[in-house]
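Subject: Structure for your review

Dear colleague,

Please find below the structure that I promised to pass on to you. My notes on what was found in it follow directly after.

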Amino acid sequence: MNAPRTRVQRRPVHGVLLLDKPLGLSSNQALQKAKWLLRAEKAGHTGTLDPLATGVLPLCFGAATKFSQLHLDADKTYEAVARLGIRTSTGDAEGEVIERRAVAVNDADLARVQARFTGPIRQVPPMHSALKKDGRALYEYAREGLEVERAPRDVVIHSLSITARPGSDDIHIRATVSKGTYIRTLGEDIGEALGCGAHLIALRRVATGGFHASQCVALEALEAMDEGERLAQLLPTESLVADHTRVTLGAEDAGRFLSGLRRRGGWGDSPAVAVFGDTPRTFLGTAHVKAGELIPGRLLSPIEIQQTLLTEATP
C-alpha cells in the first residue's frame with residue numbers, strides 16, 4: 001500500500017532562479033519541479049524551451065513574476081547542431097523523416113548562407129509551436145495532420161556562425177537573435193538555402209538578456225541541496241531590470257510613488273527606469289521618465305517589499 005503523499009507547505013518566495021533546463025523536460029515541468037523544491041507560492045518562467053532543448057531558463061518567483069515579460073522580449077543566444085540532408089515533420093529529431101537529399105556543401109557555401117541569414121530576416125513560424133490561430137495553438141492543428149496559413153514575421157539575427165562538423169553531415173550553428181525567432185525554423189531555412197534540407201538534432205540556449213549558462217544551476221544539483229542552499233541560489237528581483245536606468249527616491253517620495261503618484265525631478269527622459277527606495281534600500285518597481293516626470297509602471301506591493309527585506313536579512 002502506498003504511503004500518503006506529504007503535502008508541501010507553500011510560502012512566499014521572491015527572486016529569480018537561473019535554471020539549466022535538462023533535456024527531456026518541458027519548461028513548465030522544470031518550473032513545477034523547482035517551485036516544489038522551493039515550496040514557492042507563485043512562479044513563472046521567461047520563455048519556453050522545447051523538451052529537446054537545454055540551457056538558460058530564468059524562473060521567476062513571487063514579486064519577480066511581475067517583471068518576467070521583460071525577459072520574454074530579451075535577445076537570446078543559442079547553440080544548435082543541424083543535420084543536413086534530412087527534413088523532418090517537426091524540424092527537429094522528434095519528428096518523422098519526410099525527405100532525404102544528397103549533401104554536397106563546402107566552406108564557401110556555409111559562408112554564403114551565413115551572410116544571407118545575418119541581420120533582419122523573415123520567418124514563417126513552424127506548425128509545431130504555441131502560437132495561436134483562431135484560438136488554438138498551432139501544434140494542435142499539427143497533431144491533427146493539418147497545416148494552416150501563417151503570416152511571416154520580421155526577426156533579427158544579430159550574429160550568426162555556421163561551421164561544419166568534420167566527418168559528418170552536421171553543422172554547428174551559434175546565433176544571437178531577437179525575440180520571436182525560431183531556431184528550428186532557422187535551421188530548416190539554412191538547410192533549404194544549402195539545397196539539401198536540414199533538421200535540428202541538438203539545441204541549447206546559452207544566454208538570455210544579461211543571463212548566461214555559466215550562472216545557471218542544474219535541476220539535479222538543486223535537488224541535492226538543503227532548503228537554505230536552494231534559497232541562496234535566488235537572484236534578487238531587481239536582477240531582471242539590470243539594464244534599466246536607476247533612480248533612487250527618499251522615504252516620502254518612495255511612499256507616494258508606490259501609491260501610484262508621479263514624482264518630479266531632474267531626471268532625463270528614459271523609457272525604462274528601475275526605481276529604488278533609500279531607507280532602507282529596496283527595489284520598488286519600474287517606471288519611465290518623460291519631461292522630468294517619473295511615471296510609475298509595475299510596482300511591488302508593500303507586503304512584497306517587506307517579505308523581500310526579511311528574506312535578505314536572514315543569514
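Which residues of S1 are buried on one side, and which on the other? On one side they are Gly15, Leu17, Leu19 and Lys21, and on the other Val16, Leu18 and Asp20, which leaves both faces of strand S1 covered. Here buried means under 20% relative accessible area, while exposed means over 50% and partly exposed lies in between, with a 1.4 Å probe and protein chains only.

Before going further, please note that this is a predicted model, in which local features need pLDDT of at least 70 and side-chain atom pairs count only at pLDDT 80 or more, whereas totals for chains, interfaces and linings use all residues. Residues are numbered from 1 along each chain as its sequence is written, and side-chain values use heavy atoms, with hydrogens and water left out.

As to the chain overall, the protein has nine helices and 19 strands, where helices (H or I, at least four residues) and strands (E, at least two) are DSSP runs numbered from the N terminus. Buried residues make up 45% of its 315 residues, and the C-alpha atoms fill a box of roughly 70 × 65 × 40 Å along the principal axes. Of the contacts with a separation of 6 or more, 68% are between residues 24 or more positions apart, a contact being heavy atoms within 4.5 Å.

To return to S1 (residues 15-21), seven of its seven residues are buried, so the strand is largely enclosed by the rest of the structure. S1 pairs with strand S3 (residues 53-61) in the antiparallel sense over seven bridges, two strands being counted as paired if DSSP finds at least two bridges between them. Within this pairing, Val56 in S3 is the bridge partner of Asp20. Strand S14 (residues 217-218) runs parallel to S1 and is joined to it by two bridges, with Val217 of S14 opposite Leu19.

Thr208 counts as buried at 1% relative accessibility, and, leaving aside its neighbours within four places in sequence, its contacts are Val56, Pro58, His71, Ala74, Asp75 and Lys76.

Helix H5 (residues 183-193) has eight of its eleven residues buried, so this helix too is largely enclosed by the rest of the structure. Its buried residues, among them Arg184 and Thr185, pack against several elements, including helix H3 (107-116) and strand S12 (198-208). Just after H5, Gly195 takes a positive phi of about 85°.

Strands S18 (residues 281-290) and S19 (residues 293-299) are paired in the antiparallel sense over five bridges, and Glu293 in S19 is the bridge partner of Lys290.

Lastly, Glu304 lies in helix H9 (residues 302-313) and is buried, with a relative accessible area of 12%. Apart from its neighbours within four places in sequence, Glu304 is in contact with His14, Ala63, Lys66 and Leu299.

With kind regards
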